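Here is a friendly walk through one protein model, going from its domains to a few local details. Please keep the viewer open as you read.

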Amino acid sequence: MTATATRRATGRSERGSEALAAYALIAIPMVLFLILNIGSIFYALYISVWRWNVRSGPQQFLGLANYQALLNDHVFMRAIQNTLYYAVVWVPITMAIGLTLAVIVNGKIRGKTFFRASFYFPALASSAAVTVLWIFLFAPEGLFNSIRGAIGLNGLFEGLGYGPTKNWLGDPDTALNTVIGLNAWTTSGTFMLFYLASLQTISHEIYEAAAIDGAGAWQTFWKITFPLLRPGHFFVATVAVIGALQLFDQAFIAGSPSGDPANALMTMVLYLYNAAFTQFKFGYAAAVGIVLFLIIFALTLIQRRLFGTAPSW
């Protein structure tokens, strides 16, 4: 009895030591997370109710005046409109492309490794460099207009109201859609990797059973693959929406800090940048950040509701 009790006490002591070691290992990252992430949110909330000077700190308590000014600013409302439109259009397009690429490279094809690397390569390139390249490609005398003229598509485009020397990034009607096309190309490779990781968790026995039952490729995809990718959909959609709402660098480079042409490329983060680093209205910029956080948080909760549960992997 004494030996048994001693072994039990020793086992409990060892488990307690392991637990303490585990907590010690995660203590520093958790403290940094609480300070740099959670703490920064509350600090931004505090700044947003003041007229704030970067050197001297709070100058005048404004209460909700910064938020009221936001709601009455037509440029900010245009920034919200542009950002939400970008998210609504870009997210499903890029998710669909990423899923399609993942299904292709997950199959039994030759050169699988080469195609995976090729599809992912645009995501590795510098965002600034790719955006500058895109500006040249879609300039009035750029490669895109030259190719569509060479293959005889000018008549079709002119019927849609796009002339042979269309400035795609210089027209308010097409500037944001052109950026959507740019980011759908550069980011679909990243989403492909996310989906590929999720696809490889699906057991091959399920597909073998479906093949025995006579299911075709299309039926197998819609009845088996797509539903079983629910955790992957949740993860990819959440990452995509957060990234879409934080669009900045492409809008900044293609449209300048003013969001040209005619605020067509003005986004919430670009608006925040202008408020903080052009106008030096840090309290106002903090209010923009809080509104952006609330939008991201609300949309994440909606996605969680739509997809059911969070990823299990």
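The domain bounds used here come from an automatic or database domain assignment. With those bounds, the C-alpha centres of domain 1 and domain 2 are 31 Å apart. Please bear in mind that this is a predicted model.

**How the domains meet**

Domain 1 covers 21-63, and domain 2 covers 73-307. Eight residues from domain 1 and seven residues from domain 2 take part in the contact. The size of an interface is often given as the accessible area lost when the parts come together. Between domain 1 and domain 2, the buried area is about 560 Å², and carbon and sulfur atoms give 82% of that area. On the domain 1 side, Ile-41, Ser-48 and Trp-52 supply 54% of the area buried against domain 2, more than any other three residues. How many salt bridges are there between domain 1 and domain 2? The count is zero.

**A pair of helices**

Two packed helices are described by the angle between their axes and the distance between the axes. For helix α10 (residues 217-228) and helix α11 (residues 230-245), the axes come within 5 Å and cross at roughly 55°. Angles of 65 to 115 degrees count as roughly perpendicular and those under 35 degrees as roughly parallel, so α10 and α11 are oblique to each other. From α10, the contact is made by Phe-226, Pro-227 and Leu-228, while α11 brings Arg-230, Pro-231 and His-233.

**Backbone details in a loop**

The loop between α12 (249-255) and α13 (268-278) holds Pro-261, and Asn-263 lies in the loop between α12 and α13 too. Here are the backbone angles to look up in that loop.

| Site | Angle | Note |
|---|---|---|
| Asp-260 to Pro-261 | omega near 0° | cis peptide bond |
| Asn-263 | phi near 65° | positive value in a residue other than glycine |

**A residue in α8**

Lastly, take a look at Thr-190, which is found in helix α8 (residues 175-199). Which residues is Thr-190 in contact with, leaving aside its neighbours within four places in sequence? They are Tyr-120 and Ala-123. Thr-190 and Val-103 are 87 residues apart in sequence, and their C-alpha atoms are 14 Å apart in space.

Technical notes:
Residues are numbered from 1 along each chain as its sequence is written. This is a predicted model: local features need pLDDT of at least 70, side-chain atom pairs count only at pLDDT 80 or more; totals for chains, interfaces and linings use all residues. Side-chain values use heavy atoms; hydrogens and water are left out. Axes are lines fitted to C-alpha atoms, for helices over the stretch in contact, and angles run from 0 to 180 degrees between N-to-C directions. Helices (H or I, at least four residues) and strands (E, at least two) are DSSP runs, numbered from the N terminus. Angles under 35 degrees count as roughly parallel, over 145 as roughly antiparallel, 65 to 115 as roughly perpendicular and the rest as oblique. Contact means heavy atoms within 4.5 Å. Buried area is the accessible area (1.4 Å probe) that two parts lose on being put together, summed over both. A salt bridge is a side-chain nitrogen of Lys or Arg within 4 Å of a carboxyl oxygen of Asp or Glu.
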